[in-house]
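Good morning, colleagues. Please look at the structure as I speak.

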Amino acid sequence: MRRGDGGGDLGPWLVLAGAWGAIALVAGAWSAGRIAGWLWGTGARGPDLGVDFVLALLRDGPATVWAGVPPAAVATVFAAEALVVGVCVNSVTARLRGRVRATVPVGSLAGLADVAPLAPDQARRRARALRPSLEHLHRRRTPADECGVAVGQLSGRPGARHALRASWEDVLLAVMAPRAGKTTALAVPAVLEAPGAVVATSNKADLWASTSALRAGRTAERVWVFDPQRIVFAPQTWWWNPLRGVDTVEEAHRLAGHFVQEVRGTRDKDFWSSAAHDLLTGLLLAAAVSGKNLHDVFAWLNDPTTPEPADLLRAQGRAAAAASLRGRQLGAAETRDGVYETARTAAQCLRDDSIMAWVSPPSPAGPGAPARVLDELDAPAFARSRQTLYLLSRDGAGAAAPLVAALTDRVMRAAVRLAERRGGRLDPPLLAVLDEAANICRISDLPDLYSHLGSRGVVPLTILQSYGQGRRVWGDHGMDALWSAATCKIIGAGLDDAKVAEDISRLIGDHDVTTRSTSRGRGSATTSTSQRSQRILGADAVRALPRGGAILLATGCRAAYVVLTPWYRAPHSAEVAAASSAAGRLLTERAAQLPSEDGAP
Ligand SMILES: Nc1ncnc2c1ncn2[C@@H]1O[C@H](COP(=O)(O)OP(=O)(O)OP(=O)(O)O)[C@@H](O)[C@H]1O
Ligand SMILES: [Mg+2]
């Protein structure tokens, strides 16, 4: 879907506006004739409003239709009517405009020149510098969606809006309250417009429903849907092996970290979660190097004394890892049991057979049946493609969230390695839209990843409901690091943390305001003006940002106020709405074929 070619969609609106305009004109002429007749003393006579009236007026003219009333009187009343309607429309629109202006003094925020690097001309230039594949296109004909991630329209004079785009080396963070438009105005447009591979996480069906069919059509490449918890009732046609490529302690430690993140508080170093992290590292490494799978890891977790994983590690020449695991197993029983219990809680999603089916080798559908044939997702191959991967999980304990984080992490790092081998940068870039990241994609070192993903053409857009939600996952330091590393921050409606609102207010800066004061004395009044510096947006105004608007903090640019366009108000909304309805129907059909969870048919 290209932004530039949306002009054709104006047609139906123009026809509709024309039809209503004609109806208003006829009604205005009819009522003008009646009022003029009444004023002129001939009475409010004449034909009824309808087709006959229009035909008579065109055929015979006003002098005949309203006999005895001068046409000039009818014209005068008609002009007065038009004036009244015009004044009313103007005052309503001014009031609406004034309401936004009252909370957001857009005149004191960035103008087009202040955010020039994100404006269409420079965005196009930067994209062409970062993506050699665009060189064959004429500069002016480079489609807008090849040039970066849409981050809203700069709000300036009415009717003078400019679409802004983060570049393909930006890393993005959006913070907005529930129902503020995170999915409809950020995630959906970003997925639809992405020129390369896309990873998108979500805990609801909306993102998949609005984008999957259109992505498949646009890229003509495979769409993978990871849906172990039946959020969109996608049939399983593939599986992913989290243990593939895990051949070092470091890799195993990283994979284990996604599980441990489930039990880790905001304190980084509590004993039980660190010990459970070590234990899971040993078990995952043992399974990975000896051709076992996550079923074996789960069995070992439930048998704290089994020597099997340590024996397998030793047999594969991993003596240190084996000794560390065995040492933990042979330690004080109470400590060992506590560590195993913590590890079991961290990896509790492995208890769920329907989740396990997506991350362990295909098994026979029933006794005596052949093993199902499922494709295995290959993260490096995905990073080389323009495919789409939806990772869906519910929130809460036992959900597939650790696997969503692990697979997102694996794909992003595979993309980084591919970019390094290609000399620096992926072209087209890979976009990772992490909607509901704090609930279902808690990659523990996301703040560190942020500092180098952008330089490799891997562009993350992390979407959070609040700053505090990020703190609960990454801790105070981690969230501050994520905030600082993000080169493009979008702060939308509903920011309720007083300190964060105050910090953002300070980042937006001050402007000079003129105050007028009048003093009265001995019958005369003196007016004096003075200038003082005050916050452009106080913390209360940051908190009260209207829905559909956002503050954009882009590195090197002044703070800007942008208007976010949800997909249902964008060009091509009809296409997306149709795809979304079709996806909704498909979901309902699939759900109807399965027994419901409460046992009802
Ligand atoms: N097709 C549509 N037409 C009109 N309004 C819609 C449509 N889809 C969503 N909305 C409205 O847009 C607003 C923003 O919805 P959106 O799903 O983007 O919010 P969100 O920030 O992602 O919320 P959440 O945190 O619950 O996921 C909501 O008020 C919603 O009712
Ligand atoms: Mg949402």
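The protein holds 22 helices and 15 strands; these are DSSP runs, helices being H or I of at least four residues and strands E of at least two, numbered from the N terminus. This is a predicted model, in which local features need pLDDT of at least 70, side-chain atom pairs count only at pLDDT 80 or more, and totals for chains, interfaces and linings use all residues. Residues are numbered from 1 along each chain as its sequence is written, chains are lettered from A and ligands numbered from 1 in the order in which they are written, and side-chain values use heavy atoms, with hydrogens and water left out.

Along the principal axes, the C-alpha trace spans about 110 × 75 × 55 Å. Of the 601 residues, 48% are buried, that is, under 20% relative accessible area with a 1.4 Å probe, protein chains only. Take next the contacts, meaning heavy atoms within 4.5 Å. Among those between residues at least 6 apart in sequence, 71% join residues at least 24 apart.

Let us turn to one helix. H13 covers residues 333–346 and reaches 20 Å from its first C-alpha to its last, close to the 20 Å expected at 1.5 Å a residue, the expected span being 1.5 Å times one less than the number of residues. Which residues of H13 are buried? They are Arg336, Gly338, Val339, Tyr340, Thr342, Ala343 and Ala346. Those buried residues pack against helices H8 (249–260), H9 (271–289), H10 (294–301) and H12 (319–329).

Note on methods. Buried < 20%, exposed > 50% of the residue type's maximum accessible area, 1.4 Å probe, protein only.
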